[in-house]
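Below are some notes on the helix packing and the aromatic pairs. Please read them with the structure open.

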Amino acid sequence: MATWNSRGLRGSTLEEFINRTNEKYLENHLALIQKIPTPITPINIDKETRHITLAYFEQKSTVDYIGAVQGIPVCFDAKECNTDTFPLANIHAHQVQFMEDFERQGGIAFFLIFYSHRDEFYYLRYELLKKFWDRAAQGGRKSFRYEETEQDFFLTSKNGLLVPYLDGIQKDLDKRD
C-alpha cells in the first residue's frame, strides 16, 4: 500500500491553476471537467490542527481529471517537473493502461506537465507519452527530455485562463486528422 504524506502537496499550485481554468471553461459552457479525488484511509490525525499526517491510498487512482469538452470525453493527469528531464517513474502503468482504454473508446487522454523551473505548461499527448513509455519498456531511456517534447504543445496563458488546455486538445485533434 502507498503511504500519503506532505510530498503529495507538491502539485497543489498546478492543481489550483487547473481548477481555476476548469471553472472558467464551465462558466463559458466550453467544458465540464471534474477533479477525481483519490480515496485515502487516514491513519494519523494531528489533534490540534485536525490535519491528516499519515494515510494509505485505498486503491490505485487512474487520472486526476475527467469530463467532457463539447461532447468529447476527456481525461488527463497533472504532473510537475522541476528539471528538463521528466522521469517516467512519475507515471504508473495502470494510468497508461486506463488512458489507452479511454482513447480506444473515442476519448482524448493527455498529461498536463508544469515545468516549474521554466514556468511553462505542456500538453503531452497520449500518443507521444506511449512512444516514451514503450521506449522505456524496451530498455531505452526511463525519462524524456524537454528537447523531445512537441514545442507547439506548450500552452500560453490567455484571457484569464492559467492553463488553456483546450488549445492543446484542438491541436491534438488536428494532429489526428
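1. The model is a predicted one. Phe154 is a buried residue, its relative accessible area being 14%. Tyr122 is buried too, at 0%. The two rings form a tilted aromatic pair, with 4.7 Å between centres and 40° between planes. Tyr122 belongs to strand β9 and Phe154 to strand β11 (residues 154-155), so the pair joins parts that are 32 residues apart in sequence.

2. Phe121 counts as buried, with 8% relative accessibility, whereas Phe17 is partly exposed at 25%.

3. The count of aromatic pairs comes to 16. One aromatic cluster is made up of Tyr25, Tyr65, Phe76, Phe110, Tyr123, Phe153 and Tyr165.

4. Helix α2 (residues 93-104) packs with helix α3 (residues 126-137) at an angle of about 140°, and their axes are 11 Å apart. That angle makes α2 oblique to α3. The crossing of α2 past α3 is left-handed.

5. Which residues in α2 meet α3? They are Ala93, Val96, Met99, Glu100 and Glu103, and they meet Tyr126, Leu129, Lys130 and Trp133 in α3. Sorted by class, this contact has 6 nonpolar and 3 charged residues, and no polar ones.

Technical notes: Residues are numbered from 1 along each chain as its sequence is written. This is a predicted model: local features need pLDDT of at least 70, side-chain atom pairs count only at pLDDT 80 or more; totals for chains, interfaces and linings use all residues. Side-chain values use heavy atoms; hydrogens and water are left out. Axes are lines fitted to C-alpha atoms, for helices over the stretch in contact, and angles run from 0 to 180 degrees between N-to-C directions. Helices (H or I, at least four residues) and strands (E, at least two) are DSSP runs, numbered from the N terminus. Angles under 35 degrees count as roughly parallel, over 145 as roughly antiparallel, 65 to 115 as roughly perpendicular and the rest as oblique. A crossing is left-handed if the near helix is turned anticlockwise from the far one by less than a right angle, and right-handed if clockwise. Contact means heavy atoms within 4.5 Å. Ala, Val, Leu, Ile, Met, Phe, Trp, Tyr, Cys and Pro count as nonpolar, Asp, Glu, Lys and Arg as charged, and the others, Gly among them, as polar. Rings of Phe, Tyr and Trp (its six-membered ring) pair if their centres lie within 6.5 Å; planes under 30 degrees apart count as stacked, over 60 as edge-to-face and the rest as tilted. Buried means under 20% relative accessible area, exposed over 50%, partly exposed in between (1.4 Å probe, protein chains only).
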